[in-house]
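Hi,

Here's the structure I said I'd pass on to you.

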Amino acid sequence: MAVKDCGGHKGGGCECHRRRLYRKCCGALLALVLLALFIILIVYLVLRPHKPRFYLQDLAVLCLNVTPPTSAYLFTTMQATVAARNPNDRVGVYYDEADMYAQYKGVAITVPTRLPVAYQGHRDQSVWSPYLRSMDSVVLPPQLAVALAQDETAGYVLVDVRVDGQVRWKVGTWISGHYHLRVNCPALIRVNEGKGSYGATTGGGPDYFRFQQAAACAVDV
């Protein structure tokens, strides 16, 4: 039986054939990778997902009580009304495990309140109005308690309503993994029509604390 020679000397032809086959395989793999990246780019440009838009519509402060230097404990109850809108035409949004709470100068003054799980379709909108409470568990640093009492006495208190949670995108039947959602809604509260508490930090009356103006929130996904 004759043995077929693939050409060349000392197997050089077979080596060249293997190299050509290797180059073809690498070229095909590179072409597939480039095609996949091109498809991903086209899908992104067509869908162009935009992050949700949040708006703080109202903040009703029912009580806000801190009495430094006797105590740095903060007692507060407020109801925040926050609207979220999905601006996308082809992308839905799932809101998973989202918490809302209030901050003063970067320090939480209420415990987190869990928001209901929600899904927003294309151009859909959701509104949440949870109560935010200190629950007798918020202790401010002494200097921050003094600053809050001073702001209330002066007539205006600036707080931030925050939303921290997870979102997923939905395109057709495909659902993405989780993305971290961070929302910050500044809220300027007028105390006693801007006259301040004059040292009486407990406040009084239904209009003693009044939210100044609805505004858009900063959103990061």
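Below is what turned up, starting with the overall picture and then moving to the cysteines.

Keep in mind that this is a predicted model. The chain has 221 residues, and 35% of them count as buried. Along it you'll find two helices and 14 strands. If you take the contacts with a separation of 6 or more, 72% are between residues 24 or more positions apart.

Now the cysteines. A quick reminder: a disulfide is a covalent bond between the sulfur atoms of two cysteines. How many disulfides does the chain have? The count is one, and it joins Cys-185 to Cys-217, with 2.0 Å from S to S. Cys-185 sits in strand 11 (residues 179–191), while Cys-217 is in the loop between strand 13 (215–216) and strand 14 (218–220), so the bond ties together parts 32 residues apart in sequence. The torsion about the S-S bond is about 105°, so this disulfide is right-handed.

Are the two partners buried or exposed? Buried means under 20% relative accessible area. Cys-185 is at 1%, so it counts as buried, and Cys-217 is buried too because its value is 12%.

Cys-25, on the other hand, is in no disulfide: the nearest cysteine sulfur belongs to Cys-26 and is 7.0 Å away. Cys-25 is partly exposed, with a relative accessible area of 48%. Cys-63 is also partly exposed, at 27%.

Cheers

Key
Residues are numbered from 1 along each chain as its sequence is written. This is a predicted model: local features need pLDDT of at least 70, side-chain atom pairs count only at pLDDT 80 or more; totals for chains, interfaces and linings use all residues. Side-chain values use heavy atoms; hydrogens and water are left out. A disulfide is a pair of cysteine sulfur atoms within 2.5 Å. Helices (H or I, at least four residues) and strands (E, at least two) are DSSP runs, numbered from the N terminus. Buried means under 20% relative accessible area, exposed over 50%, partly exposed in between (1.4 Å probe, protein chains only). Contact means heavy atoms within 4.5 Å.
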